[in-house]
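Hi,

Here's the structure I promised to send over. Have a look first, and my notes follow below.

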Amino acid sequence: MGSKYSHVFAPIRIRGIDFKNRIVLAPPSPNLAGRDGEVTPELIDWMRMFARGGVTTLYLGNSSIDITECKDEAYQLDLSTDDRILNLARYADMCKQYGCHASLEINHNGENTAYETVGHAPFSSSSRITENELARAKENGREPIPCIEMTHEKIKETVDKYAMAAQRMKRAGMDIVLVHGGHGNLISQFTSPRFNKRTDEYGGSTENRARFAIEVCDAIREKCGENFVIEFRISADEIAPDGMHFDETLELIGYLKDHIDILHVSAGLHSDDHMAYYRNWCQNYLMNRGFNVHYAADVKKAYPDLLVTTVGSITSIEMAEEIIGNGWADFVAMCRPLMADPDMPNKYAHDMPEEHRPCLRCDTCTKHLFVPKPIFCAVNPMSAMTSELRDGVVPLAREKKRVAVVGGGPGGIQALMTLCERGHDVTLYEKSGELGGNVIGAAIPPFKLDCQDYLKWLRYQAKKYAKKYGAKVLLNTEATKELLDLEGYDAIIIANGSRPLIPNLPGIDKPHVSWAPHAEMGKAPVGEKIVVVGAGAVGLEAAIEFIDKGKHVEVVEMASHDANLSKLYASSGTSAKEFMSIIDAKQLPVHYENRLMEIKDNCVVCTDLATGKTVEYEADTVLLAMGLVPLRDDAESMRHCAPETDVYVIGDAKEIGTIYGAVNGAFQAALHI
């Protein structure tokens with residue numbers, strides 16, 4: 001008997017090629033290609049987890065048609081020579097083992113290539129000096145260099161490069177390609193009026209601006225034949241004021257539709273304007289799920305016979321089933337949700353949705369992309385070890401041990417799971433009455449849906465592992481040195497976390513003062529005039545929640561605006577800009593360079609660091625969000641309660657960080673016991 005997700009798991013045949021379901025891996029860039037653009041064994045191993053998990057097509061992102069001319073990632077595939085075919089074939093053959101299709105997103109990034117990367121000015125539809133180039137020129141102490149407008153001969157050469165890249169894919173055993181025609185890359189530099197200022201047959205009208213894209217697709221068809229599927233990625237709306245908007249995109253699709261097989265509908269740009277439109281194609285946790293689905297649905301209305309892929313914060317198979325069942329799209333593409341749980345399709349096919357590990361949309365993966373480091377996931381530690389644990393299976397321990405886990409937050413629960421899978425006898429101690437640690441407070445705001453789902457998953461897994469493996473989960477039980485010594489464990493993982501930073505200031509112990517998450521959880525009273533101390537993610541989330549409840553809220557922050565924004569980027573990734581937008585939209589006052597000095601019954605007293613003056617902000621409630629302090633002394637007291645080389649301190653107990661640090665640290669520790 002099959003699953004109840006009949007639309008998601010409905011096969012489809014395109015150009016004589018079978019696709020087993022409608023779930024596609026949206027194209028990631030994992031920083032695992034060779035420096036010269038080769039497919040590496042590590043890259044194949046990383047992609048294997050998705051193939052094994054049940055998707056129908058794996059796209060690998062931003063594969064350059066010629067990295068000597070177009071390159072914007074440090075470790076990016078190159079498709080410019082036949083030498084690439086052998087290792088491409090290894091990737092294709094791996095996917096065939098699992099009955100899915102290997103593919104690539106082929107791309108030329110046009111004006112977005114830096115002069116320093118390729119040794120010459122980049123090419124585009126038209127010549128201009130971009131914002132990015134102005135910044136690069138300043139950084140490198142040189143004059144800005146305009147990109148080069150492509151001649152007719154250069155256009156013909158580039159069209160052939162796209163076609164040859166696709167042909168090499170086919171020769172390697174692939175039968176589908178994703179042509180990147182969106183997000184401000186070269187093809188969209190031709191199709192969009194934002195970039196294309198030409199006056200010849202490639203510029204002017206929408207039809208003329210579509211010419212280059214059509215020539216690329218037709219050349220691929222000529223080189224690859226009829227039994228080869230062409231999917232074309234597009235930005236439904238570039239969002240930028242001078243960019244292409246949806247009404248014109250619909251016209252563009254009319255010219256393209258007979259030259260492609262599937263239209264992949266995204267939105268936004270990834271280039272200039274300080275990444276202002278990045279959020280439209282890679283959403284953060286403060287944004288709606290299914291953010292761009294409405295564009296795909298409107299394309300289907302306009303062109304019902306065109307196969308359409310939708311993408312953008314589609315976080316579960318339930319969402320995919322609704323989308324496809326309602327006829328809003330024919331395929332659903334996911335990237336970060338599949339990184340969080342590559343086995344998601346398999347789990348839903350077996351009607352086990354509760355097993356699905358949710359994506360936090362925290363952008364841990366994206367932050368690694370820009371370092372560059374191999375990208376991996378905050379909540380799926382296996383994604384960082386796909387070569388070491390090639391089949392996605394935790395190895396059994398050589399010796400069964402009695403292991404204590406101290407703390408029931410995300411790190412502690414991950415440790416419990418991994419230790420059980422390795423065959424150990426596990427006892428978890430949680431001093432409070434519930435599991436989840438700091439995720440409990442983090443999941444309180446109504447807009448934190450991803451965190452809420454993750455908290456449910458953590459608790460479900462702890463209960464399941466306790467039942468399946470006989471692990472003991474002891475709530476309301478504080479692990480002390482005396483208790484651990486009495487039990488005589490063979491190993492210990494200490495994940496006891498952190499406490500709020502509470503400064504020693506006059507009035508800090510007044511009854512109307514509390515840690516912000518405690519107030520959000522209803523553990524502390526909240527009045528009508530709130531001052532939040534600290535403009536990090538914790539403070540801003542609390543401020544947003546309470547302003548949405550009709551409270552008067554102000555925020556004080558010791559750092560400057562720019563310094564605080566840098567800290568937000570470090571902790572919250574691209575959500576930092578979203579916070580700034582929400583602050584502006586809600587007219588939330590944030591007083592930067594204000595050091596808290598005293599809390600009175602009706603106000604907070606600060607020093608304005610810019611002027612040295614004393615300022616007061618009226619408040620009947622003060623919520624502290626000034627950071628966390630590791631419970632290091634408690635952790636240190638337990639270090640000798642088992643053989644010292646088998647005692648591990650992880651997560652916030654070791655260093656204040658994020659869920660990524662706690663989960664991945666727990667996994668690593670458990671693998672070595």
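Trp-457 is buried, because its relative accessible area is 4% (buried means under 20% relative accessible area, exposed over 50%, partly exposed in between, with a 1.4 Å probe and protein chains only). Tyr-454 is buried too, at 1%. Their ring centres are 6.0 Å apart and the planes make 15°, so this pair counts as stacked. For the terms: rings of Phe, Tyr and Trp (its six-membered ring) pair if their centres lie within 6.5 Å, and planes under 30 degrees apart are stacked, over 60 edge-to-face, the rest tilted. Both residues sit in helix α17 (residues 449–469), 3 residues apart, which is about one turn of the helix. Helices (H or I, at least four residues) and strands (E, at least two) are DSSP runs, numbered from the N terminus.

Before you read on: this is a predicted model, where local features need pLDDT of at least 70 and side-chain atom pairs count only at pLDDT 80 or more, while totals for chains, interfaces and linings use all residues. Residues are numbered from 1 along each chain as its sequence is written, and side-chain values use heavy atoms, with hydrogens and water left out.

Back to the rings. Searching the whole structure gives 13 aromatic pairs. Among them are Trp-46 and Phe-50, with centres 5.1 Å apart and planes at 70°, so that one is edge-to-face. Those two are in helix α1 (residues 41–53), 4 residues apart, again about one turn, and both are buried. There's also an aromatic cluster made of Tyr-162, Phe-190, Tyr-202 and Phe-212.

Two charged side chains sit over rings (NZ of Lys or CZ of Arg within 6 Å of the ring centre and within 35 degrees of the ring normal). Lys-154 lies over the face of Phe-123, 4.3 Å from the ring centre, and Arg-35 over that of Tyr-75, at 5.0 Å.

Then the sheet: 5 strands form an open, parallel one, in the order β18-β25-β19-β20-β21 (two strands pair if DSSP finds at least two bridges between them). At the edges are β18 (513–515) and β21 (590–591), each pairing on one side only. Inside, β19 (residues 529–533) and β25 (residues 621–624) run parallel over 4 bridges, with Val-533 opposite Leu-624 in β25. Helix α20 (residues 537–548) packs on the sheet and touches β19, β20 (552–556) and β25; contact here means heavy atoms within 4.5 Å. The direction of α20 makes about 165° with that of β20, using axes fitted to C-alpha atoms, for helices over the stretch in contact, with angles from 0 to 180 degrees between N-to-C directions.

Cheers
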